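Subject: The structure we talked about

Hi,

Here is the structure, as promised. Have a look at it first, and then read on for what turned up.

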Amino acid sequence: MTCRRCIVSGRVQGVYFRGTTQQQARRLKLDGFARNLSDGTVEVVACGDRLQLDALQQRVWQGSEWSAVSGVVCSEVNVEVNSGFTTR
(Lines give C-alpha, C1' and ligand atoms only; values in the text may rest on other atoms or scores of the structure.)
Protein backbone atom coordinates (compact mmCIF):
# COMPACT_ATOMS: atom_id res chain seq x y z
CA MET A 1 0.00 0.00 0.00
CA THR A 2 1.23 3.48 -0.90
CA CYS A 3 0.44 6.66 1.05
CA ARG A 4 0.46 10.16 -0.35
CA ARG A 5 0.23 13.55 1.39
CA CYS A 6 -1.04 16.54 -0.56
CA ILE A 7 -1.19 20.16 0.53
CA VAL A 8 -3.93 21.98 -1.35
CA SER A 9 -3.96 25.77 -1.57
CA GLY A 10 -6.43 28.35 -2.81
CA ARG A 11 -9.99 28.92 -1.62
CA VAL A 12 -10.31 25.48 0.01
CA GLN A 13 -11.59 26.13 3.53
CA GLY A 14 -15.25 26.72 4.30
CA VAL A 15 -16.32 25.63 0.80
CA TYR A 16 -17.03 21.89 1.32
CA PHE A 17 -13.63 20.93 -0.10
CA ARG A 18 -12.92 18.32 2.60
CA GLY A 19 -16.37 16.77 2.23
CA THR A 20 -16.00 16.50 -1.54
CA THR A 21 -12.54 14.98 -1.12
CA GLN A 22 -13.94 12.48 1.39
CA GLN A 23 -16.67 11.39 -1.05
CA GLN A 24 -14.14 10.93 -3.85
CA ALA A 25 -11.68 9.02 -1.65
CA ARG A 26 -14.39 6.68 -0.40
CA ARG A 27 -15.51 5.96 -3.98
CA LEU A 28 -11.90 5.09 -4.78
CA LYS A 29 -11.68 2.88 -1.65
CA LEU A 30 -8.81 4.88 -0.14
CA ASP A 31 -7.99 5.22 3.54
CA GLY A 32 -6.88 8.47 5.15
CA PHE A 33 -8.15 11.94 6.01
CA ALA A 34 -8.50 15.55 4.95
CA ARG A 35 -8.05 18.41 7.42
CA ASN A 36 -7.78 22.18 7.47
CA LEU A 37 -4.39 23.63 8.38
CA SER A 38 -3.90 26.93 10.18
CA ASP A 39 -2.33 28.60 7.13
CA GLY A 40 -5.54 28.24 5.07
CA THR A 41 -4.50 25.13 3.15
CA VAL A 42 -5.97 21.63 3.36
CA GLU A 43 -3.88 18.54 4.04
CA VAL A 44 -5.03 15.34 2.33
CA VAL A 45 -3.41 12.06 3.38
CA ALA A 46 -4.55 9.02 1.42
CA CYS A 47 -3.36 5.42 1.28
CA GLY A 48 -4.14 2.70 -1.21
CA ASP A 49 -3.43 1.60 -4.75
CA ARG A 50 -1.27 3.97 -6.85
CA LEU A 51 -3.85 4.23 -9.63
CA GLN A 52 -6.55 5.27 -7.16
CA LEU A 53 -4.16 7.76 -5.53
CA ASP A 54 -3.41 9.25 -8.94
CA ALA A 55 -7.15 9.56 -9.60
CA LEU A 56 -7.73 11.30 -6.26
CA GLN A 57 -4.82 13.65 -6.88
CA GLN A 58 -6.39 14.69 -10.19
CA ARG A 59 -9.82 15.16 -8.61
CA VAL A 60 -8.38 17.26 -5.78
CA TRP A 61 -7.50 19.86 -8.43
CA GLN A 62 -11.23 20.13 -9.22
CA GLY A 63 -12.24 20.61 -5.59
CA SER A 64 -15.84 21.35 -4.67
CA GLU A 65 -18.31 23.49 -6.57
CA TRP A 66 -17.41 26.52 -4.41
CA SER A 67 -13.66 26.06 -4.10
CA ALA A 68 -10.89 27.50 -6.25
CA VAL A 69 -7.77 25.33 -6.09
CA SER A 70 -4.59 27.20 -6.97
CA GLY A 71 -1.99 24.59 -6.04
CA VAL A 72 -1.53 20.94 -5.10
CA VAL A 73 1.82 19.66 -3.83
CA CYS A 74 2.00 15.91 -3.18
CA SER A 75 4.64 13.53 -1.91
CA GLU A 76 4.73 9.91 -0.85
CA VAL A 77 4.89 9.43 2.91
CA ASN A 78 5.26 6.57 5.34
CA VAL A 79 2.28 6.90 7.70
CA GLU A 80 -0.33 4.71 9.30
CA VAL A 81 -3.95 5.69 8.90
CA ASN A 82 -7.19 4.19 10.12
CA SER A 83 -9.45 2.25 7.81
CA GLY A 84 -11.83 4.47 5.84
CA PHE A 85 -11.51 8.13 4.90
CA THR A 86 -12.48 10.88 7.34
CA THR A 87 -12.44 14.65 7.67
CA ARG A 88 -10.86 16.33 10.65
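Let me start with a term: a disulfide here is a pair of cysteine sulfur atoms within 2.5 Å. Bear in mind too that this is a predicted model. With that in place, a search of the whole structure gives two disulfides.

**The two disulfides**

One of them joins cysteine 3 to cysteine 47, with the sulfurs 2.0 Å apart. Its link is right-handed, with 110 degrees about the S-S bond. Cysteine 3 is in strand β1 and cysteine 47 is in strand β3, so this pair ties together parts that are 44 residues apart in sequence. Are these two cysteines buried or exposed? Both cysteine 3 and cysteine 47 are buried.

Another disulfide runs from cysteine 6 to cysteine 74, again with an S to S distance of 2.0 Å. The link of cysteine 6 and cysteine 74 is right-handed as well, at 110 degrees about the S-S bond. This pair connects distant parts of the chain: cysteine 6 sits in strand β1 and cysteine 74 in strand β4 (residues 68–77), 68 residues apart.

Buried means under 20% relative accessible area. Cysteine 6 has a relative accessible area of 5%, so it counts as buried. Cysteine 74 comes out at 24%, which makes it partly exposed.

If you number the bonded cysteines of the chain in sequence order, the pairing reads 1-3, 2-4.

**The cavity**

How many cavities of 30 Å³ or more does the structure hold? There is one, and the volume of this largest cavity is about 50 Å³. Its lining is made up of Arg4, Cys6, Val44, Ala46, Leu53, Leu56, Gln57 and Val60. The elements that each give two or more residues to that lining are β1 (2–11), β3 (42–48) and α2 (50–62). Of these, α2 gives the most, with four residues. By type, the lining residues divide into six nonpolar, one polar and one charged. You will have spotted Cys6 among the lining residues; cysteine 6 is also the one bonded to cysteine 74.

**Rings and charges**

On the aromatic side, the count of aromatic pairs is zero. There is a charge over a ring, though: arginine 88 lies over the face of phenylalanine 33, at 3.7 Å from the ring centre.

**Two backbone angles to check**

Which residues other than glycine have a positive phi? Tyrosine 16 is one of them, with phi near 65 degrees. Tyrosine 16 is in the loop between β1 and α1, and it is partly exposed, with a relative accessible area of 46%.

Lysine 29 is another, with a positive phi of about 60 degrees. Lysine 29 belongs to the loop between α1 and β2 (31–36). At a relative accessible area of 72%, lysine 29 is exposed.

- Valine 12 is in the loop between β1 and α1 (17–27). It is buried, with a relative accessible area of 2%. Valine 12 and serine 64 are 52 residues apart in sequence, yet their C-alpha atoms are 8.3 Å apart in space.
- Valine 42 is part of strand β3 and is buried, with a relative accessible area of 0%. From valine 42 to arginine 11 it is 31 residues in sequence and 9.7 Å in space, C-alpha to C-alpha.
- Glutamine 52 lies in helix α2. Its relative accessibility of 28% counts as partly exposed. The C-alpha atoms of glutamine 52 and valine 72, which are 20 residues apart along the chain, are separated by 17 Å.

Cheers

Notes
Residues are numbered from 1 along each chain as its sequence is written. This is a predicted model: local features need pLDDT of at least 70, side-chain atom pairs count only at pLDDT 80 or more; totals for chains, interfaces and linings use all residues. Side-chain values use heavy atoms; hydrogens and water are left out. On a 1 Å grid over the protein atoms alone, a cavity is a set of points where a 1.4 Å probe fits but cannot get out, and a pocket is an open set with protein on both sides within 12 Å along at least five of seven lines; lining residues have an atom within 4 Å of a point. Grid points are joined across faces, edges and corners, and a volume is the space filled by probe spheres set on the points. Ala, Val, Leu, Ile, Met, Phe, Trp, Tyr, Cys and Pro count as nonpolar, Asp, Glu, Lys and Arg as charged, and the others, Gly among them, as polar. Buried means under 20% relative accessible area, exposed over 50%, partly exposed in between (1.4 Å probe, protein chains only). Rings of Phe, Tyr and Trp (its six-membered ring) pair if their centres lie within 6.5 Å; planes under 30 degrees apart count as stacked, over 60 as edge-to-face and the rest as tilted. A charge sits over a ring if NZ of Lys or CZ of Arg is within 6 Å of the ring centre and within 35 degrees of the ring normal.
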